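Hi everyone, thanks for coming.

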Amino acid sequence: MPVTVLLVDDEPLVRAGLRAVLEAQPDIEVAGEAADGAAVIPLVRQLRPDVVAMDVRMPLLDGIEATRALLRTVAEPPKILVVTTFENDEYVYEALRAGADGFLLKRARPAEIVHAVRLIAEGESLLFPASVRQLAAEYGEGGGNRAARAALERARLTEREGEVLRLMARGLSNAEIAARLVVGAETVKSHVSAVLAKLGARDRTQAVITAYESGFVAPG
């Protein structure tokens, strides 16, 4: 089954460019388009896409609020890939905090766009870990976020789960973590699932942001 994508951007040329790049791939299908975040929820309910590629800045409802609304109201929400002009942007970090799974620069090369969509759909690795680390260093409250610290304390991660979380923050995939820790891939998958469940995180990105904002992992 192909990965289905909903494109949300107020610039028709951006949507057309993304559509051309994605539909050139045999395993990706563009399910639909929208010009503003306000249209996301009804289209997601109608089309059931695997991934929403969404501009972070739009005139009526921006990508941050659209992400919050989508995760709040849709029972099984798709993965959310924020599309942005500027990499080091507080809007991007707020979108990740709100629940977006990763971000993509509008100037990215076609191969990078395709890779981002596939990676977000699979959900096994952190997209652009160095950039997420940089954003956390600038906007993540220096490990002093009370909610994140409380979530980490409640989680009571085991020593091995803590190791896995640190490696997740570095962007390693399950296979790479397995090789680093010299354990089986299924064992790593179980540890990752436990980390997400204990932290109450929707995905790896949310778990890593909690790790940075709690001070468990230093973003520098």
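Let's start with the largest pocket, whose lining divides into eight nonpolar, five polar and three charged residues. For these classes, Ala, Val, Leu, Ile, Met, Phe, Trp, Tyr, Cys and Pro count as nonpolar, Asp, Glu, Lys and Arg as charged, and the others, Gly among them, as polar.

Before I go on, a word on the source: this is a predicted model, where local features need pLDDT of at least 70 and side-chain atom pairs count only at pLDDT 80 or more, while totals for chains, interfaces and linings use all residues. Residues are numbered from 1 along each chain as its sequence is written, and side-chain values use heavy atoms, with hydrogens and water left out.

Back to that pocket. Its volume is about 260 Å³, and of the 16 residues that line it, R97, G200, A201, Q206 and T210 are the closest to its centre. Helices α4 (90-98), α7 (146-155) and α11 each supply at least two residues of the lining, and the largest share, four residues, comes from α11. Helices here are DSSP runs (H or I, at least four residues), numbered from the N terminus.

How are pockets and cavities found? On a 1 Å grid over the protein atoms alone, a cavity is a set of points where a 1.4 Å probe fits but cannot get out, and a pocket is an open set with protein on both sides within 12 Å along at least five of seven lines; lining residues have an atom within 4 Å of a point. Grid points are joined across faces, edges and corners, and a volume is the space filled by probe spheres set on the points.

The second largest pocket has a volume of about 210 Å³. Its lining has 13 residues, with E122, G123, E124, V192 and L196 nearest the centre. Here α5 and α10 are the elements giving two or more residues, and α10 provides the largest share, four residues. By class we have three nonpolar, three polar and seven charged residues.

On to α10 and its neighbours. The axes of α8 (residues 159-169) and α10 (residues 185-199) come within 9 Å and cross at roughly 90°. Axes are lines fitted to C-alpha atoms, for helices over the stretch in contact, with angles from 0 to 180 degrees between N-to-C directions. The two helices are therefore roughly perpendicular, a label for angles of 65 to 115 degrees. The contact (heavy atoms within 4.5 Å) includes V164, L165 and M168 of α8 and V192, V195 and L199 of α10.

Helix α9 (residues 174-181) comes within 8 Å of α10, axis to axis, and crosses at roughly 110°. That makes α9 roughly perpendicular to α10 too. In this contact N174, I177 and A178 of α9 meet A185, V188, K189 and V192 of α10.

Last, the salt bridges, each a side-chain nitrogen of Lys or Arg within 4 Å of a carboxyl oxygen of Asp or Glu. The structure holds 16 of them. In one, R19 pairs with E23, the closest N and O atoms being 3.0 Å apart. These two are four residues apart in α1 (residues 12-23), so about one helical turn separates them.

Note on methods: Parallel < 35°, antiparallel > 145°, perpendicular 65-115°, else oblique.
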